[in-house]
Amino acid sequence: MLYIPTLISVIEGLLVTVPVLLTVAYVTVAERKTMASMQRRLGPNIVGYYGLLQAFADALKLILKEYVSPTQANLGLFFLGPIITLIFSLLGYLVIPYGPGLALNDLNLGILYMLAVSSLSTYGILLAGWSANSKYAFLGSLRSTAQLISYELILSSAILLVVMLTGSLNITVNIESQRAIWYIIPLCPVFIIFFIGSVAETNRAPFDLAEAESELVSGFMTEHAAVIFVFFFLAEYASIVLICILTSILFLGGYLYDYLPSLFFLVEYIDFDYYINNLNKESIFSDPLIEGLLYGLTLGLKSCIMIFIFIWTRASFPRIRFDQLMSFCWTVLLPIIIAFIFLIPCILYGFDIIPSNINLF
């Protein structure tokens, strides 16, 4: 009987981790198909119907591939780096609420936990690049560390502005506070800064200077291959999905679907307002299972839109130089976000709308 709580915890972890890994697999296929469409190509279309099994074919190829390790590498840290990166990329999903009360752990300091976990993944990149004993990998890890540390300040400052409106570090409280209005409307400039910072934080183009093929071959993962490379690959796309979910939670209302009917104003023959207004009445939607599924699909839809914008950004903008990347962070984004940190509390105090659980005195 003592093992039952442990078994339940393992099952709950698998119920979150396995869909996340499947989502990561299909995000790679979606990215390749979307970029192919934008570039007038076909993309993967051989393995499975419409290329839907291409991710599993790539994973099988990498798993069966012979692994060759550098002779001068520190093998312990060389293998530990990718593992650390993947683990801390997946730990962020612990506090994601997929509906009211639908989270593995609804921490009161959930936002602080996510910031801490995302920061610790930098150690895996640094260890992997340094332990390979390769100048390309080492330069890539140094670039990536400097980039992640710099843009982490931008992300945390933007999140601080959202916390000022809600007065809580609990993620569910931040979502429920947006029932009146999604924060993308009053905080639209902050949302744009947060999006730019999140693209840089996930090492995505045009900010993928740590993986610049034209300069550093493949950056910090140059010497990694086979299964260990899969860990880095999964960690990168798991971080992308996580940051898109976090963006949806902080600025797009998370699992709330109250304003979704207004997005379908072009559809004339479906009365979405009728269905939304009757969700809590005697109908099929009053079933807790159906309502929970609707919450999860709403969060998934918003996250998919953000993932598409990530892919769209990659296909649209050229890669910038590393000095331009760091200069843009410290001389453009940081002064703007600091100005908002001074402006928004003044607005809240002037209109006397400071959240009740923030004490100024």
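Residues are termed buried when their relative accessible area is under 20%, exposed when it is over 50%, and partly exposed in between (1.4 Å probe, protein chains only). The structure is a predicted model, in which local features need pLDDT of at least 70 and side-chain atom pairs count only at pLDDT 80 or more, whereas totals for chains, interfaces and linings use all residues. Residues are numbered from 1 along each chain as its sequence is written, and side-chain values use heavy atoms, with hydrogens and water left out.

Six salt bridges are present in the structure, a salt bridge being a side-chain nitrogen of Lys or Arg within 4 Å of a carboxyl oxygen of Asp or Glu. One of them pairs R204 with E31, with 2.3 Å between the closest N and O atoms. This pair links distant parts of the chain, since R204 lies in the loop between α7 (188-201) and α8 (213-216) and E31 in helix α1 (residues 4-38), 173 residues apart; helices here are DSSP runs (H or I, at least four residues), numbered from the N terminus. R204 is buried, at a relative accessible area of 4%, and E31 is likewise buried, at 3%.

E31 also forms a salt bridge with R314, the closest N and O atoms being 2.7 Å apart. R314 belongs to helix α11 (residues 288-316) and E31 to helix α1, so this pair ties together parts that are 283 residues apart in sequence. R314 is partly exposed, with 33% relative accessibility.

A further salt bridge joins the side chains of R32 and D58 (2.9 Å, N to O), connecting helix α1 with helix α2 (residues 54-64) across 26 residues. Both R32, at 38% relative accessibility, and D58, at 26%, count as partly exposed. Through shared partners, salt bridges join E31, R204, E236 and R314 into one network.

Definitions and conventions. Helices (H or I, at least four residues) and strands (E, at least two) are DSSP runs, numbered from the N terminus.
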